[in-house]
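Here are my notes on the model you sent.

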Amino acid sequence: MGQIRKASSALSKLFVYGALKYGQPSNSILANTGNGYANFWCRATTTQKMPLVIATRYNIPFLLNKPGVGYYVTGEIYEVDDRMLNSLDNLEDCQDVYTREIQDMNIGVGEGTVPCWVYLLQKYPEKLLSLPYLSSYENSSTHPYIMRHRRTHKHPAQDDLTYEAAQN
């Protein structure tokens, strides 16, 4: 009975561009039904160029809210329920680091655009704009993504994003 009710609750579309993508380190969060419902919908691209960078000592991919800079970023759209969005809000350090907002995503020639939730970095030090911009994120041995449970509390990711951070 619970399944029917869950399926009928309103689903939102979520654009993921980083570690949540299929085959990437955090995709298990979307796959875990304990976090809520998520279903792959299609591939998509941002409708405007935006800087996607890998930053902090944990090599986290961030989409900086600076339209017109960088590349059109490729990612995936998932249909998710509110429970999954709440789970992700908590995981994505949303209050401290990311903001979640609606942006139009391009789903292909002739298909038009779809409004999706996306996690963006609104406030960030200017130095992040001097990092290399990506059009698509893949975890790599060059910049290995450090899973959240393996990060140290002494150095939360937002420490590396503060304006006062010492320039190396």
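1. C42 is buried, at 17% relative accessible area. Buried here means under 20% relative accessible area, exposed over 50%, and partly exposed in between, with a 1.4 Å probe and protein chains only. The closest cysteine sulfur to that of C42 belongs to C116, and at 7.5 Å it is too far for a bond. C116 is in no disulfide. C116 is also buried, with a relative accessible area of 0%. The structure holds 0 disulfides, a disulfide being a pair of cysteine sulfur atoms within 2.5 Å.

2. A word on the basis. This is a predicted model, in which local features need pLDDT of at least 70 and side-chain atom pairs count only at pLDDT 80 or more, while totals for chains, interfaces and linings use all residues. Residues are numbered from 1 along each chain as its sequence is written, and side-chain values use heavy atoms, with hydrogens and water left out.

3. Overall layout. The protein has 3 helices and 7 strands. Both are DSSP runs numbered from the N terminus: helices are H or I with at least four residues, strands are E with at least two. From the N terminus, the order is α-β-α-β-β-β-β-α-β-β. Of the 168 residues, 43% are buried. Contact means heavy atoms within 4.5 Å. Among contacts between residues at least 6 apart in sequence, 73% join residues at least 24 apart.

4. Which residues of the largest nonpolar core touch the most other members? They are F15, Y17, F62, L63, L64, L88 and L121, in a core of 44 residues. Strand 1, helix 2, strand 2, strand 3, strand 4, strand 5, helix 3 and strand 7 each supply at least two residues. Strand 7 gives the most, with 5 residues. A nonpolar core is a set of buried Ala, Val, Leu, Ile, Met, Phe, Trp, Tyr and Cys residues joined through side-chain atoms within 4.5 Å. In soluble globular proteins, nonpolar side chains tend to be buried together.

5. Leaving aside neighbours within four places in sequence, the contacts of F15 include A44, T45, T46, V73, I77 and M105. C116, W117 and V118 are also among them.

6. Helix 3 spans residues 82-91, and M84, L85, S87, L88 and D89 are buried there. Their cover includes strand 1 (12-16), helix 2 (27-31), strand 2 (38-46), strand 5 (74-80), strand 6 (99-106) and strand 7 (113-120).

7. How many salt bridges are there? The count comes to 4, taking a side-chain nitrogen of Lys or Arg within 4 Å of a carboxyl oxygen of Asp or Glu. One of them pairs E79 with K13, at 3.2 Å from N to O. E79 is in strand 5 and K13 in strand 1, 66 residues apart. Both E79 and K13 are buried.

8. D160 and R57 form a salt bridge at 2.6 Å, N to O. D160 lies in the segment after strand 7, and R57 in the loop between strand 3 and strand 4, 103 residues apart. D160 is buried at 16%, whereas R57 is partly exposed at 42%.

9. D89 and R100 form a salt bridge at 2.7 Å, N to O. The pair joins helix 3 to strand 6, with the residues 11 apart. D89 is buried at 13% relative accessibility, and R100 is partly exposed at 21%.

10. Two loop residues reach backbone atoms. Q24, in the loop between strand 1 and helix 2, is buried at 9%. Its side chain reaches the backbone nitrogen of N139 at 2.7 Å. N59, in the loop between strand 3 and strand 4, is buried at 14%. The side chain of N59 reaches the backbone oxygen of P144 at 2.9 Å. Not counting residues up to four places away in sequence, N59 touches I54, Y137, H143, P144 and Y145.

Technical notes. Polar contact = N/O pair within 3.5 Å; in protein donor to acceptor, adjacent residues only side chain to side chain.
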